[in-house]
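Good morning, and thank you for making time for this.

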Amino acid sequence: MSILNPADEFTDALKPVDIAGHHLQFKLGPVDMSINKVVLYLFLGAAITALVFILISKVARVLPTRKQAGFEAIYEYVRDVLVGAVMPAEAAAAWFPYIAGLFFFILISNIIGLIPLPFNLASGFHNIPEFKTYAATANINVTIALAAITFVATHVSGIRANGAIGYFKGWMPSTAPPVLKQVLFVLHGISELFRLVSLSVRLFANLVAGHLVLLVFYAMILMIQSVALAILIVPLEASVVAVSLFEIFVAGIQAYIFAILSAVYIGGAIHQEH
Amino acid sequence: MLSIQPGLMIYTLITFGILLFVLKKYAFGPLQAVIDQRRDAIEESIHHAEEMDRKAKEALAEYRQSISTAKMEAEQIVERARKIGDDQKAEIIGEAHVHAQKEVENARDQIRRETRKAVDEIKDQVADLTILAAGKVAGRTITKEDHLRLVDEALAEVDFDRLGAGGN
């Protein structure tokens with residue numbers, strides 16, 4: 001039983017999926033471009049994010065309904081607090097779509113990850129699909145790609161705002177002794193790389209950890225074979241509910257952290273502190 | 001779990017890129033337009049309300065000014081009327097005084113005339129009586145000269161002022 005090893009869920013997600021008898025395995029040169037569960041979750045997350053926003057923007061009226069007002073409150077919070085408060089005004093206006101897109105895409109992807117969906121069509125028992133949870137953001141490749149966009153955006157916008165020389169000069173504090181400047185430059189370069197790593201690993205690790213904890217609880221419930229131990233099922237299921245609730249909070253907080261750190265990095269590169 | 005798969009990264013970049021394009025063009029733009037439209041409408045309403053408030057204040061000031069002017073004019077009218085009344089009163093009183101004075105003068109003239117007439121009548125009667133009485137006392141006929149002399153003497157003793165005062 002594969003479910004007894006929770007980590008299998010993450011390796012299985014990388015296998016190409018079969019849809020309507022088609023094995024969706026593709027190669028683009030040396031690069032594996034197969035459609036797997038991660039890609040499906042990516043598409044699903046992006047599609048739901050786009051649909052939600054398009055729907056809201058279509059029904060949005062000048063005199064808002066209660067639902068619209070609630071949604072606009074979140075939208076304006078992202079615009080004014082997540083972006084407006086950490087970036088210079090002009091940069092905030094230019095970078096708001098990116099930061100807001102990141103926040104809502106990651107948030108919705110994280111939340112989709114908490115909903116059991118029947119994506120394992122082929123592996124179901126007697127062709128009954130298995131409902132399983134998975135999140136695109138629980139894959140390191142997805143989070144690295146998202147963090148890479150922020151990484152590139154940070155340095156491109158920094159160079160655009162300050163000029164290449166001015167931007168890289170900003171990596172060295174002007175008050176530092178000349179002998180230390182080169183060392184500080186290298187250290188800053190390393191810290192920039194680690195920002196990319198920390199941004200991607202933080203999101204990936206939190207999502208994986210949450211899903212692993214839930215899968216461990218499921219596995220423990222399934223492992224209980226004796227009637228005497230059946231009494232443990234209730235606290236285990238209560239724990240699953242508690243961890244799931246906590247994961248909703250984690251889904252929000254991780255999306256918030258990823259988005260606000262992206263805004264801070266890009267804002268910091270545009271408006272350098274010397 | 002940690003295997004690096006460039007294909008997934010490419011899918012992520014493409015998916016997120018398309019999502020960003022769609023959000024920017026079809027969601028954030030229209031949504032922000034609605035929010036901006038609402039902000040403009042609210043600003044316009046505030047400006048309109050301020051304009052109305054300003055106009056109302058102006059109208060109130062104008063109204064107060066009109067009230068004040070009307071009050072002042074009313075006071076002037078009352079004052080003028082009072083003055084005219086006073087003038088007319090003074091004129092009427094003056095005229096009444098003159099008229100009364102005239103009446104008094106007329107009355108006095110008339111009294112004087114009547115008194116003189118009465119005195120003349122008395123004078124004649126006294127003369128006649130005196131002649132008659134004197135003739136009886138003297139047993140003789142008194143001449144006209146005697147007669148007139150006796151009348152004058154008698155009249156000299158009469159106090160006409162007292163007669164006049166008694167006539168009033």
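Predicted model: local features only at pLDDT ≥ 70, side-chain atom pairs only at ≥ 80, totals over all residues.

Let us take chain A first. Its secondary structure amounts to 8 helices and 6 strands. In sequence order, the pattern reads α-β-β-β-β-α-α-α-β-β-α-α-α-α. Along the principal axes, the C-alpha atoms of chain A occupy a box of roughly 70 × 55 × 45 Å. Chain A has 274 residues, and 32% of them are buried. If we consider the contacts in chain A between residues at least 6 apart in sequence, 67% link residues at least 24 apart.

Now to the pair of helices. How do the axes of H2 and H4 of chain A cross? Helix H2 of chain A covers residues 37-59 and helix H4 of chain A covers residues 89-112; their axes come within 9 Å and cross at roughly 120°. H2(A) is therefore oblique to H4(A). The crossing is right-handed. On the H2(A) side, the contact involves Tyr41(A), Leu44(A), Gly45(A), Ala46(A), Ile48(A) and Thr49(A). H4(A) contributes Phe104(A), Phe105(A), Ile108(A), Ser109(A) and Ile112(A). By class, the residues of this contact are 8 nonpolar, 3 polar and no charged.

In soluble globular proteins, nonpolar side chains tend to be buried together. The largest nonpolar core here holds 66 residues, and those touching the most other members are Val83(A), Trp95(A), Ile99(A), Leu102(A) and Phe103(A). Which elements give two or more residues to this core? From chain A they are H2, H3 (66-83), H4, H5 (140-162), H7 (178-223) and H8 (233-270), and from chain B, helix H1 (6-138). H4(A) supplies the largest share of this core, with 14 residues.

Beyond its neighbours within four places in sequence, Leu102(A) contacts Leu146(A), Phe258(A), Ala259(A) and Ser262(A).

Finally, the two chains together. How many residues of chain B are in contact with chain A? There are 30, and they meet 37 residues of chain A. The chain B side of this contact comprises 23 nonpolar, 5 polar and 2 charged residues.

Thank you; I welcome your questions.

Terms used
Residues numbered from 1 in each chain as written. Chains lettered and ligands numbered in written order. Axes fitted to C-alpha atoms, helices over the stretch in contact; angles between N-to-C directions. Helix = DSSP H or I, 4+ residues; strand = E, 2+ residues; numbered from the N terminus. Parallel < 35°, antiparallel > 145°, perpendicular 65-115°, else oblique. Left-handed = near helix turned anticlockwise from the far one by under 90°. Contact = placed C-beta atoms within 7 Å. Nonpolar A, V, L, I, M, F, W, Y, C, P; charged D, E, K, R; others polar. Core = buried A, V, L, I, M, F, W, Y, C linked by C-beta atoms within 7 Å. Buried ≥ 20, exposed ≤ 12 C-beta atoms within 10 Å, placed from the backbone.
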